[in-house]
Amino acid sequence: MATLIPALGACVSRMTTGERRLAERLEPSISNNKSSNMTQNLNQQNEAKKTPFCDSCAGIQRNWRGAPGHAELMQGVNRKEPRSHGQVTLTKYRCERCGTEWEYENNKVNLHAGWSVVGQS
Ligand SMILES: [Zn+2]
């Protein structure tokens with residue numbers, strides 16, 4: 001059977017220099033766009049997966065010092081952790097409604113220490 005579609009190599013050699021230069025310039029930007037879109041989609045999927053929170057947990061303001069927790073959080077163990085200015089206390093909490101495990105960092109010098117999600121059970 002005869003080959004009707006020419007091989008890519010045959011095409012490239014028949015392209016003018018200008019065409020080839022254009023193709024070379026277009027290709028990287030096209031593949032860059034594709035990969036950044038893919039990363040974005042992946043991030044969105046991860047975000048969606050990470051939020052089986054109950055309403056109360058969803059309402060907790062994360063990484064903000066002094067933000068309140070909610071009534072269904074059961075306090076767990078405390079632990080100390082060294083920070084650049086000294087020790088801070090981290091307290092574990094577990095939500096009785098959705099099972100999200102939280103940690104609250106009591107850090108007087110860091111405005112962005114506070115609630116963070118450490119896991120789910
Ligand atoms: Zn919850």
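Biologist: What makes Asn63 partly exposed?

Modeller: Asn63 has 13 other C-beta atoms within 10 Å. A residue is buried with 20 or more such atoms within 10 Å of its own C-beta, exposed with 12 or fewer, and partly exposed in between, the C-beta atoms being placed from the backbone. The value for Asn63 is 13, so Asn63 falls in the middle class. This is a predicted model, in which local features need pLDDT of at least 70 and side-chain atom pairs count only at pLDDT 80 or more, while totals for chains, interfaces and linings use all residues. Residues are numbered from 1 along each chain as its sequence is written.

Biologist: Where is Asn63 found, and what is its phi?

Modeller: Asn63 sits in the loop between helix H3 (55–58) and E1. Helices (H or I, at least four residues) and strands (E, at least two) are DSSP runs, numbered from the N terminus. The phi of Asn63 is near 50°, a positive value although the residue is not glycine. Most residues other than glycine have a negative phi.

Biologist: Which class does Ser121 belong to, buried or exposed?

Modeller: Ser121 has 8 C-beta neighbours inside 10 Å, and therefore counts as exposed. Ser121 lies in the segment after E4. Its C-alpha atom is 8.3 Å from that of Cys98, 23 residues away along the chain.

Biologist: Which residues does Ser121 contact, neighbours within four places in sequence aside?

Modeller: Gly99 and Glu101. Contact requires C-beta atoms, placed from the backbone, within 7 Å.

Biologist: How do you know that E1 lies largely in the open?

Modeller: Of the eleven residues of E1, one is buried, so the strand is largely in the open. In the protein, buried residues make up 8% of the 121 residues.

Biologist: What makes E1 and E4 edge strands?

Modeller: The four strands form an open antiparallel sheet in the order E1-E2-E3-E4. Strand E1 (73–83) and strand E4 (115–120) each have a single partner strand, so one side of each has no neighbour in the sheet. The twist from one strand to the next averages 25°, taken between N-to-C directions of axes fitted to C-alpha atoms, on a scale from 0 to 180 degrees.

Biologist: How many bridges join E2 to E3?

Modeller: Six bridges join E2 (residues 86–95) to E3 (residues 100–106), so this pair qualifies as well. Across from Thr89 is Asn106 in E3, and across from Lys92 is Glu103. Four residues separate the strands of this hairpin, and Gly99 in the turn has a positive phi of about 80°.

Biologist: Which residues form the largest nonpolar core?

Modeller: Cys57, Ile60, Leu73, Tyr93, Cys95, Trp102, Tyr104 and Trp115, eight residues. E2 and E3 each supply at least two residues of this core. Such a core is a set of buried Ala, Val, Leu, Ile, Met, Phe, Trp, Tyr and Cys residues joined through C-beta atoms within 7 Å. Tyr104 touches residues including Tyr93 and Trp115, not counting those up to four places away in sequence.

Conventions. Pairing = 2+ DSSP bridges. Contact = placed C-beta atoms within 7 Å.
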